[in-house]
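Here is a friendly walk through part of this structure. Have the sequence and the 3D view open as you read.

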Amino acid sequence: MTANLRTSRSPAVDPMEPPRIAVIGAGVAGAACAAGLLRAGFDVTVFDKSRGVGGRMAARRAPWADADGTPHVAEFDHGCPQFRVTRPRFRTVVDRAATLGCVTRWRQHVYAAFPAPQVRDVVVPTPNMPAFCRHLLSGTPLMLGRAVTGLLRCADGWYLQRAGDDAGITEDGGSEGPFEQVLLAIPPAQAATLLSGRHDDWAAALSAVRMSPCWTLMAVTEELDWPWDAAEPERGVLARIGRHDRKPGRTEAGSGAPSAAAQWVAHATPAWSLAHLEDDPVLITATLRAALGRLLTGGPEPRWHHTSVHRWRYAQLAQPVAGGFDCWWDAGFGLGVCGDSFGDGSVEAAWCSGDELADAVAASFDAAPAPDPTAKPELEPGVADPVH
Ligand SMILES: Cc1cc2nc3c(=O)[nH]c(=O)nc-3n(C[C@H](O)[C@H](O)[C@H](O)COP(=O)(O)OP(=O)(O)OC[C@H]3O[C@@H](n4cnc5c(N)ncnc54)[C@H](O)[C@@H]3O)c2cc1C
């Protein structure tokens, strides 16, 4: 279900041109939305503040040396480690990605004290988590390293402001635009900031969404006799441990000989992460490393070759967007919002939300009355609308 408001096309737009749309966010929601719009014939550009795509489906490289001093490079999926597929439309997309070698299914052996150890069927992109978004975004123009800090509505469309831009549109192209539509596929707190003063009711609703943080430990140890692929400890500071190098399709990144070492990613519990959100990463590393060591050996700490931590300030959904919508779309205003917070906070929910928003945008153009080419814009091109 989509919150679909009005439908019209700006009179300033050439009706012969495909609508020009900006998607902000190259996570799985933005990737799904952009892919759907591209298929429907829209002129889409995706902007992301990071240097790569994937958002919370992230991977990070870390150099380390083994006992002989031989250098290696590990690559950790330090955000979302895997996902599940339940909905038919998402399954079709994942199946296609699997035929192209971008994802694979994995029967994961998980140790859980309660109710019991189990085998879980999950999906893992290969060779790393961002590969799925790279696949979805193939063919879509991407502007990476572009943090959007403001939205400016002018007579000829929307402009995206970037860090350092002043309130206006600079001659040197400091702002991007114009776009007929802007679709936000970013976490709720960031979306609320951009929507404030533009769509205040949406900004208020997104501000009420709660996300849990997550401190994540990445580690390389000596080879250990640990029979599981993952574990979910019942007590303590760690919520989830994954043996990273047992995931399918993972090979050591960069140069270096194969090593007799084990790679781990461990996620702290939401409560512990929140309580220690602003703590020194050195202390966080020491605490999480000790906790992981105890869980892996039950006794003395293993030999560590590498440890580092990453703080996810907005990791997983604690309370979704109210109202039960899959996304929001205001056609008359040319603004939309999607993301995992419209569902259960999963990769699947994020994909479905982005896909739904693409459908809603396309449907509103199908339904739009033919534009009146003689109509005059209310504002001069490049002049900001003082209200929105
Ligand atoms: C530690 C961890 C474990 C998880 N485990 C699981 C799991 O087991 N299974 C599962 O299904 N899900 C899991 N998740 C959740 C899953 O990763 C998310 O649901 C999903 O990736 C969200 O996708 P998204 O596109 O909605 O948002 P994101 O992935 O957050 O993408 C948003 C993008 O917007 C960009 N952005 C933000 N602000 C701006 C701006 N102002 N300008 C430009 N770009 C901007 C960001 O750089 C990012 O790339 C986990 C997440 C984390 C962090």
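## Two paired strands

Six bridges connect strand 9 with strand 10 (residues 157–162), and the two run antiparallel. Please keep in mind that this is a predicted model. For a place to look along this pairing, find R153, which sits opposite W158 in strand 10.

## The sheet they belong to

Zooming out, there is an open sheet of three strands, in the order 9-10-11 and with antiparallel pairing. Its edges are formed by strand 9 (148–154) and strand 11 (176–179), each of which pairs on one side only. On average, neighbouring strands of this sheet are turned by 20° against each other, direction ignored.

As a reminder, strands of a sheet pair through backbone hydrogen bonds, in either a parallel or an antiparallel way.

## A pair of helices

Now move along to helix 4 (residues 188–195) and helix 5 (residues 200–207), which pack at an angle of about 155° with their axes 8 Å apart. Angles over 145 degrees count as roughly antiparallel, and helix 4 and helix 5 are therefore roughly antiparallel to each other. Their crossing is left-handed.

Which residues of helix 4 and helix 5 meet? From helix 4 come P188, A191, A192 and L195, and from helix 5 come W202, A203, L206 and S207.

Note on methods
Residues are numbered from 1 along each chain as its sequence is written. This is a predicted model: local features need pLDDT of at least 70, side-chain atom pairs count only at pLDDT 80 or more; totals for chains, interfaces and linings use all residues. Axes are lines fitted to C-alpha atoms, for helices over the stretch in contact, and angles run from 0 to 180 degrees between N-to-C directions. Helices (H or I, at least four residues) and strands (E, at least two) are DSSP runs, numbered from the N terminus. Angles under 35 degrees count as roughly parallel, over 145 as roughly antiparallel, 65 to 115 as roughly perpendicular and the rest as oblique. A crossing is left-handed if the near helix is turned anticlockwise from the far one by less than a right angle, and right-handed if clockwise. Two residues are in contact if their C-beta atoms, placed from the backbone, lie within 7 Å. Two strands pair if DSSP finds at least two bridges between them.
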